[in-house]
Each structure stands twice: as structure tokens, then as C-alpha cells.
Amino acid sequence: MVAITKGVAAPRPRRGRFSRLSENRTVLGAGFLLPAAAILLVFLTYPLGLGVWLGFTDTQIGRPGVFVGLENYQDLWQDTVFWLSVTNTLIYTIGASVLKFALGLWLALILNEKLPFKAFFRAIVLLPWVVPTVLSAIAFWWIYDAQFSIISWLLMRLGLIHQPINFLGDPNAARASVIAANVWRGIPFVAITLLAGLQTISPSLYEAATLDGASGWQRFRSITLPMLTPIIAVVMTFSVLFTFTDFQLIYVLTRGGPVNATHLMATLSFQRAIPGGHLGEGAAIAVAMIPFLLGAVMFSYFGLQRRRWQQGGRD
Amino acid sequence: MSFTRRDLVRGTAGLAVGAVGAKLLGGTPALADEVGIEPEKGASLRMTRWSPFIGAEEKQWLDNTKRFTAATGIEVRIDKESWEDIRPKAAVAANVGSGPDLMWVWFDDPQQYPDKLLDVTDLANELGVKHGGWYDGPKSYASSNNRFVGLPLATIGNAIIYRKSWVKDAGFSDFPKDTESFLELCKALQAKGHPVGFTHGHGVGDGNNYAHWLLWSHGGKMVDEGGNVTINSPETIEAINYAMALYKTFIPGTESWLDVNNNRAFLASQVSVIANGVSAYYAAKADPKLAELAADIGSTNMPVGKSGKDVELYQVTSAVIFKYTKYPKAAMAYLRFMFDKPQMDDWIKASSAYCCQTLKSYADNPIWTSDPVNRPYARASETLRVNGYAGPLGSASAGVMADYVLVDMFAEAVTGQRSPEQAAKRAEDRARRYYRA
């Protein structure tokens with residue numbers, strides 16, 4: 001070892017390929033992403049891709065299908081029950097989302113005020129969201145029962161009506177009833193998230209506005225609403241997506257009845273694919289939901305995202 | 001739930017070994033016999049069944065399973081699913097090739113994936129020869145291309161359940177046997193403040209049973225023998241007109257009824273007549289508070305219409321073995337054991353007339369004569385007509401039923417959304433989507 005010449009740097013030991021790769025930022029980044037990408041691929045991309053593919057086949061339960069192109073979609077185009085389910089889904093989504101937003105915002109504004117037992121009320125508000133959907137659906141099933149509805153019973157006791165309300169028997173009443181149940185269940189999500197947004201608004205803005213003589217409505221219109229818009233965009237996007245794809249509530253309450261008046265695209269897709277055995281057609285109905293969902297996401301993204309002026313620039 | 005020999009020895013062991021052992025010695029066939037069912041060594045089985053409507057029925061099936069385990073050492077785990085979840089879960093198991101070894105399925109499920117089910121023709125023929133033959137209706141549901149792809153296990157009968165005193169008050173000493181007198185009775189009951197109630201909603205069982213009875217009792221049918229859609233016919237229009245007249249005597253809200261609503265309304269004395277399985281009667285009998293009501297319950301078969309025949313849909317359940325099972329012979333041995341006389345007799349009896357035999361020799365079960373309310377359910381397997389009559393069973397018949405085409409046709413007309421002609425035309429259009437191929 002004395003042969004090492006003084007003043008000449010010792011050659012660096014040759015590092016292994018793995019060692020070099022493990023220090024490469026790109027490789028490391030890809031490595032860390034891999035598990036998440038694999039999970040997305042297996043549990044999201046593959047089922048979605050399979051669903052889209054099934055929609056182009058005539059697959060039935062227990063029988064592999066063949067590619068039929070757009071045949072399923074052509075059939076659906078002429079299927080009145082499908083179009084009824086599209087109409088129902090739009091009414092259900094728009095009706096429930098508007099109500100959830102209005103009532104949720106109202107509730108958030110109340111909970112943002114100085115209230116006694118504020119923490120308790122905030123916890124209580126979350127209850128409908130915490131209860132499993134099937135349980136709340138069963139509760140509503142009793143509330144809307146044609147013979148044993150507590151609402152009908154109460155109104156009859158008060159002498160306001162003489163026979164039980166046909167909540168789920170009349171098509172329009174059934175639509176309103178399932179929307180009401182969805183609103184009850186969905187309000188907490190909207191209210192609590194908007195409440196979180198409200199608490200990020202600096203009180204000094206309100207103080208300054210008050211000093212300038214702004215009324216309550218002006219403060220809401222010019223401070224609360226603009227500052228809350230980004231949160232509203234996120235909350236309502238999720239709310240619309242959840243509502244549009246709702247299944248359990250309808251399945252428990254009405255199975256899509258009466259006479260398909262409450263069939264949503266999700267419930268019709270299930271009915272045709274699983275109990276009916278026509279997987280291809282069921283998948284096509286599910287795929288037909290995607291443009292609507294994409295439309296909702298795009299609307300929220302372009303329409304309600306943070307404007308430049310909110311970040312100090314011009315709109 | 002799984003049962004091992006150890007479980008048997010523990011707890012209720014004395015009972016099982018003592019009382020059951022004697023029966024086993026006399027009644028259990030040798031496991032390897034003429035059809036060569038020799039269970040695989042180390043076999044264990046998993047079976048999924050529908051959640052019971054009659055508790056004693058489930059208990060007896062489990063007791064019979066214990067007997068099987070005691071005799072063979074083969075453990076059988078039995079899982080339960082809500083009866084409406086059976087169809088999707090069986091379909092998924094068949095499609096992915098994984099799940100329980102055996103399953104109780106409904107209606108034409110075996111026709112949807114016959115290739116995924118074990119051919120049990122030899123076993124079925126053996127049981128048929130030994131027990132007087134299979135009834136045609138249940139046999140159709142469990143067969144594909146003249147081969148058994150399952151064993152028809154039971155027919156869940158459906159019959160009129162009514163309040164005897166109210167029918168008498170309405171001026172009828174006997175319950176009417178034909179559709180026209182039945183309508184008169186319903187009008188009279190309505191006038192006395194005791195409306196009737198039949199399901200016009202998306203009730204898988206009650207909704208379909210009622211709609212098919214309306215159609216078939218008037219001579220209508222969804223398709224002909226060749227699978228051509230024939231629902232838009234004068235007979236159907238007549239059936240719809242009859243349904244509209246009958247609907248006027250109903251309690252409000254039946255268009256939203258699912259499967260449990262009629263029982264609930266009947267047990268709460270809100271309605272005087274429903275069509276249901278015998279479970280409505282036994283629910284009343286089991287509740288001391290409803291003793292008076294239970295004593296006032298009568299039952300009879302659905303009235304016969306212009307078709308002149310006593311024909312109904314009924315729910316049929318078959319026991320199938322999936323081809324993917326590792327233990328096909330153990331599964332067949334299990335079914336053969338359960339269909340053998342000691343077990344099947346006890347099970348039918350414990351079912352309290354809810355499960356009607358599919359093998360003719362079991363028709364002498366004492367349960368049918370032990371209570372007059374049970375009697376109308378005794379011939380369910382004999383008088384049932386299969387779904388999609390008069391066409392073939394298959395994906396089209398299953399699809400039409402799952403889409404509630406018939407149920408909706410009547411509901412649209414009785415609620416005034418469509419005229420009888422429009423409702424029949426719409427049902428025709430909807431059915432054609434399934435039968436066009």
C-alpha cells in the first residue's frame with residue numbers, strides 16, 4: 001500500500017449502478033410515485049377502462065360479449081326509460097345541489113357567528129353526514145311510508161290533512177321526497193366546509209367595511225362571497241359529483257319507482273347490468289354519465305375558480 | 001357460520017349426537033354409491049343462502065348441516081345475504097370464478113350463467129327417481145339444455161291472506177274463487193272501510209307476483225313459444241282494465257310499495273287482503289300482541305280468471321354448485337344429503353309452509369295439513385308458471401323482469417299516467433329491446 005504516490009488523489013471507489021440510480025432525483029421521484037401510480041392504475045384506470053370497453057360490447061352475466069360498437073348507445077338513444085333517468089338525474093342533481101348550497105351556506109353563516117355552545121352545534125350538524133347512507137335512507141323510508149309516515153300522522157293529528165301523504169307514490173312527490181332526503185344528508189358537508197372557508201376570511205376586512213358604512217348584505221356580497229368562491233367551487237364540485245352518482249338512497253327508498261319516476265342513471269345502470277344481466281348496456285349507461293360529470297367539473301373549474309383579482313391582479 | 005365436529009361435541013353435542021345419530025344410521029345413504037359421489041379428502045364447503053324469513057327454517061337447515069358434518073367430517077360454512085343481493089352476488093361469483101362453493105339462487109339465475117355451474121344431472125335424476133320426480137316448473141328454472149345445472153330447492157308460495165271476519169262482514173261467507181267475484185268482494189271491503197292492497201311498486205317478489213297474476217289470469221302473455229313479444233294483446237288490455245278497477249279498492253300509496261309494505265300494512269290492520277308468502281301469518285302468530293289478528297287470518301289461492309287456470313309466478317330458489325369449486329363431489333354429497341328424506345322432511349316442516357317441496361314425494365309433509373292457513377301454499381310447485389311464459393327462460397326473460405316491464409305497465413295504467421292501450425304498447429316496446437335477438 002506504500003505504492004500510493006503522495007499528492008495523487010486516490011481513485012474514488014467505483015459505485016454500483018443501483019447506488020447511482022438511488023441518488024438520481026428523477027429516478028427517485030419516479031420510484032416514490034410508483035406505488036401510488038400502481039394503485040391508481042389497478043383500482044381506477046383499469047375498472048374505468050373496462051367499464052368503457054364493456055359499454056361497446058354485448059356482454060351478459062356469465063357470457064363474454066363481442067364488440068358491438070355504438071349499438072348499446074344507439075339503443076339507449078331510443079330508450080324512453082333511459083331518457084327519463086337522465087331527466088331525473090338532472091332534476092335530482094340540480095335541485096339537491098342548489099338547496100344544499102343555499103341551506104349549507106346559511107347554516108355556515110349562522111355557525112360562524114358568536115353562539116353559545118358553538119362547538120356542540122357544529123358537532124351536531126355533522127351527524128347526518130356521519131350516519132351511513134343506508135341507515136338514513138331506511139329512516140326516510142319510514143318517514144315517507146305510505147301508511148305509517150310520522151309527517152302524515154302529525155298533520156292528520158293536527159287536522160291539516162285527512163289521509164296520509166303519498167310521498168313515494170306520486171311521481172313528482174317522489175322526486176321531491178328523494179331530493180329532500182339527499183339534501184338532509186348532504187348539508188353538513190357543504191356547511192362545515194364553507195364554515196372552514198369563512199374562518200379564513202380576515203375580520204379586518206369586515207371591520208374596514210363596517211367603518212366605511214357597508215351594510216350586512218354589502219359585506220356579504222363584496223367580502224364573504226368573493227373570498228369564499230374558491231371553496232364554494234371545490235365544495236360544489238364534490239357535492240354535484242356525489243349527488244349525480246347517488247345510488248343507495250334511491251335503491252333503498254324506491255328502487256327507481258314509482259314507474260321509474262325516481263330512477264337515476266346510476267340505479268338504472270345497476271338494474272340493467274346486475275339483476276337484468278346485461279352488463280354491456282349497464283356499462284353504457286354508466287359511461288353516459290361521464291360527459292355530464294366532466295361538464296360539472298369544467299363548469300366549476302372555469303366558472304368558479306380563484307380569480308386573479310383575488311390574488312392581487314386584475315380579473 | 002361454520003360447524004366442526006368439535007362444535008358439535010361441545011355445547012349442544014349431546015342433543016345432536018343422541019337424537020340425530022339414530023336418524024343418521026337409518027336414513028343417510030352411503031356417500032359413495034351408484035352415481036359415484038365420493039367427497040374429496042380434506043374437503044370443506046362454503047354455501048351462501050338468502051337471509052331467512054322463517055327463523056325455524058334456517059335453524060333446521062343448520063341442524064341438518066351439522067348432521068352432514070357429523071357423518072362426513074366435512075365442514076360447511078353457511079353465509080347469508082339479503083335475498084335481493086343474492087342475484088348480483090351469485091353473478092359476480094360466477095363471472096370472476098371465486099366465492100362460495102354452493103349458492104341458493106333465484107328464478108332464472110342458473111340460465112344466465114349455465115356454463116359456470118356444475119352439471120348435476122346424474123344427482124338430480126337419482127333424487128327424482130327416488131322421490132317421485134321433480135315438479136316441472138322448478139325443474140325448468142334449474143335446467144339448461146335438458147341438463148340440470150342446479151337442484152330446485154323450494155318454491156316460495158304466494159297466496160291471498162285475508163281477514164276472515166271482515167270478509168264475512170262484507171257479505172261473503174266464502175272467499176271468492178274467480179276474478180269477477182273477487183273484484184266485488186274488494187269493492188264491498190272498501191265500502192266497509194277495509195281497503196285491500198297489492199304491490200304496484202318495484203317490489204321484486206310481490207310486485208312481480210301480482211303483475212304476472214293479473215296478466216296470466218286474463219290469458220295474456222309476454223311472449224309466445226318462439227320468443228315473439230305478444231304483450232300488446234286484447235287479453236292484456238282486459239287485464240289492465242281489471243287492474244284499474246281493482247286499484248280503486250286499494251289503500252292509497254301501493255304504487256310505492258316494495259316487498260315489505262303489504263305485510264306491514266296488513267299486520268297493522270290497515271288492509272284487509274294482501275297477496276304474500278305465509279310469513280305474514282307466522283309473523284302475526286309469533287307476536288302475542290297480534291294473537292287476535294292471527295286467529296282471524298284466512299288464506300286461499302289467487303282467484304282464477306278467464307284463463308280458467310290456477311297459474312302464478314312464485315319465487316323459485318335453486319341450489320347451484322359453481323364449477324370453480326375445489327370440492328365438487330363434496331358439494332354434491334352435501335346436496336344429496338340435504339335432499340334426502342330425513343333432512344328434507346324436517347326442513348320443509350320447519351319452514352312452516354314457506355318453502356314448498358320441489359320433489360313430488362314430499363307433498364305428504366304434515367305441515368300442509370297442520371294448519372288450514374298453510375294449505376294454499378302446498379301446491380305452489382305444481383301450479384307455478386315460469387317467468388317469461390310462454391317463451392324460453394334466459395337473459396331476455398330475466399332482463400324483462402329485472403326492468404319491471406310488467407309491473408310498470410300496470411302501474412302506469414292504474415295511476416292514470418297512460419291509457420291501457422298506451423301502457424301495453426310501451427310494455428311491448430320495452431320487452432322488444434330484450435327479445436329482439
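Reader: How many residues does the contact take from chain B and from chain A?

Author: This is a predicted model, and in it the contact takes 34 residues from chain B and 28 residues from chain A. On the chain B side, the elements giving two or more residues are α4 (86–96), α12 (261–267), α19 (395–402), α20 and α21. The top contributor is α4(B), with five residues.

Reader: What makes up the side of chain B that touches chain A, by class?

Author: You'll find 13 nonpolar, 12 polar and nine charged residues there.

Reader: How do you know that the span of helix α11 of chain B agrees with its 14 residues?

Author: Residues 234–247 should span 20 Å at 1.5 Å a residue, and the end C-alpha atoms are 20 Å apart, so the two agree.

Reader: Which residues of α11(B) are buried, and why say they line one face?

Author: The buried ones are B:Glu235, B:Thr236, B:Ala239, B:Ile240, B:Tyr242, B:Ala243, B:Leu246 and B:Tyr247. Look down the helix axis and they fall within an arc of 160°, so they line one face of α11(B). Their cover includes α9 (179–191), α10 (206–217), α20 (405–414) and α21 (420–435) of chain B.

Reader: What separates the C-alpha atoms of B:Pro372 and B:Gly399?

Author: They're separated by 37 Å, with the two residues 27 residues apart along the chain.

Conventions
Residues are numbered from 1 along each chain as its sequence is written. Chains are lettered from A and ligands numbered from 1 in the order in which they are written. This is a predicted model: local features need pLDDT of at least 70, side-chain atom pairs count only at pLDDT 80 or more; totals for chains, interfaces and linings use all residues. Helices (H or I, at least four residues) and strands (E, at least two) are DSSP runs, numbered from the N terminus. The expected span of a helix is 1.5 Å times one less than its number of residues. A residue is buried if 20 or more other C-beta atoms lie within 10 Å of its own, exposed if 12 or fewer, and partly exposed in between; C-beta atoms are placed from the backbone. The arc is that of the directions from the helix axis to the C-beta atoms. Two residues are in contact if their C-beta atoms, placed from the backbone, lie within 7 Å. Ala, Val, Leu, Ile, Met, Phe, Trp, Tyr, Cys and Pro count as nonpolar, Asp, Glu, Lys and Arg as charged, and the others, Gly among them, as polar.
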